[in-house]
Each structure stands twice: as C-alpha cells, then as structure tokens.
Amino acid sequence: MQRAVLKLCCGISYPHVRSMAGLQRAALAAFGQEISVRLQSRGQMSHPAWSPSRWTRHQEEEKTDPAEQRTAALADEDVFYLRRGEEALNEALEIVESKDGWKPEMAENGDVIYSKVLMGNRKVFRLEAELDASPEELHDILFVRVEEMHEWNPNIRRIRVLKHVGRNTMVTHEVSAETAGNLIGQRDFLSVRYSSKSESRVYMGGAATQFESLPPQPGFVRAEDGPTCIILQPLQDHPDRTRFIWLLNMDVKGWLPQSLVNKALPRAQADFTKHLRLHLTAQNPEHRR
C-alpha cells in the first residue's frame, strides 16, 4: 500500500498527472495518514511542518497561473523528500527492532556491534554504545550541525546541505576522505536526512536519493545508504548520558569483494564513535567516557 501510494505522489511531478488535483490530494492524504499512524504507534510526534489537511488546503487554494504552478511543483518535490525521509526512518526502525537474526560482530571500548543478513544477502550492522552527552546535544552535533562533521571526523572530507525541507528534513551531499587504511576507498553519497523527536527519544533516519542538479560526480563512486537510522535515548537516572544505537545499511557500489566490505563497515562504525567521543571531550572536558 505504502509503495503504491508513494508512486502516485512521485508521479505528480509529471505535467499530465499534476492536473489531476483530486487524485493528487487523495494520494497524499492517504499516504500521510498511514505514516502518522505508524509514527504515533512508536510514540513519535507528528511532523509539525506538514499534514494531509494542510496540504489539501494548499491545493484547494492553488490557481492555474504559471508562476503558481512552478511553486506547486517545488512543493511536490519537498513532499517527496519529506516522505522519503519518513519512510526510510520507519523501515530502518523495523530492522533495528526486529529480534531475530542478530549476531555479535565485534566489541570495542564497551561498544558492541551486531550484524544481520537481510533479503538479497545484504549485511547490516547495529552499533550500541553509551555516550556522555544528552540526546539533544548529540542531535545538534549529528543533525543540526552536520556540515561541521568533517572538522572532527577525519574520515569525512565534507558534507554540504543542498536543500532544507522544514526543520526536520534535508538533502545532503557527503564526500568521504582519502585516508590511509581506508579499505573501501573514496565515495560520495546523496541522501535525505530526517529527524523526529518523542518525549524520551530522538530519531534520525536517512536513505539515498536523487537531486537533479547533482548527478554522479567524475572521480567518485556514488554509494547508497539506507534505510538507516540513529536512536538517541537518555539513560535512566542519567539524562545527561545517552544510549546510542546506530543502524548502518550501505551499498558501497564498485567492484569490491563483499567479504572486504563486511569487514570495513563495522570498523567504520567503531572509528566514527571513537571520533565522536573525542569531539565531545574537546567540547566539554567533563565528557570522559
């Protein structure tokens, strides 16, 4: 049901479908209601910047002036990215919350990484750690200030936000660094990043996407991530500390042996967490773990 309705939503970008206003409103409303039910079932808050009724009112007010049609097309694109982010988060949470198939992969500095094989023989990795920072602090570092990530993570050359959709969704272009010992090699990623908050948790999800003005770049292999997610939950009786859960789900592309990829990805998770801890310590000397 979800995927079929999403195809209807994506089809709105074509001129001969855009004129079918009734179908457009019905498709978006149905998809939005289904997502809202799934988010609420996990205790998540609905996205404040969008609702089916608000979109319907916008479409009712839309006129046929060419300039307004162009504005409507941009709105359609925004809705696509928002839906893409929400869907990626929900799919990633289903993987993380599943009980079967997880096996210990490696343990380091108190952090544990588990792995699981999905349909299609893709291996995904779930890192569990405790960090000396609140969920809000980590959300600020990992989402709000994502463009600064290269300053503390030497494995990232740069991250650039190409587009914001409200406060909780963005499209980013990430380029990995050329570092010694990097088994996978330099890659770039074009992704939707989405954030959602509940009373006790912060969620960040993402997945690969397309962006018309930034096709694959010469000299880079464009890898694809997602659906992936990070869950930030304050520790009981220690709200200034966070249980950090990260699902890494990536297709690195290129001609690499899968055994090499499966070795490199959990190593990349462990290295990321190490650099994040160092960054927290540099920001606040009280962060010692």
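The model is predicted, and the structure holds 18 salt bridges. Side chains of opposite charge can pair when their charged atoms come close.

**A pair within a helix**

- The side chains of E86 and R83 meet in a salt bridge, with a distance of 2.3 Å from N to O.
- Both residues belong to helix α5, which covers residues 66-97, and because they are 3 residues apart there, about one helical turn separates E86 from R83.
- E86 is buried, since its relative accessible area is 2%, and R83 is likewise buried, with a relative accessible area of 2%.

**A partly exposed pair**

- D140 and R145 form a salt bridge in which the closest N and O atoms lie 2.8 Å apart.
- D140 has a relative accessibility of 27% and therefore counts as partly exposed, while R145 is also partly exposed, with a relative accessible area of 27%.

**A pair that belongs to a network**

- A salt bridge joins the side chains of K253 and D251, where the distance from N to O is 3.1 Å.
- K253 is partly exposed at a relative accessible area of 30%, and D251 also counts as partly exposed, at 23% relative accessibility.
- K253 and D251 are linked with R122 and E224 in a network of salt bridges.

Methods:
Residues numbered from 1 in each chain as written. Predicted model: local features only at pLDDT ≥ 70, side-chain atom pairs only at ≥ 80, totals over all residues. Heavy atoms only, no water. Salt bridge = Lys/Arg side-chain N within 4 Å of Asp/Glu carboxyl O. Helix = DSSP H or I, 4+ residues; strand = E, 2+ residues; numbered from the N terminus. Buried < 20%, exposed > 50% of the residue type's maximum accessible area, 1.4 Å probe, protein only.
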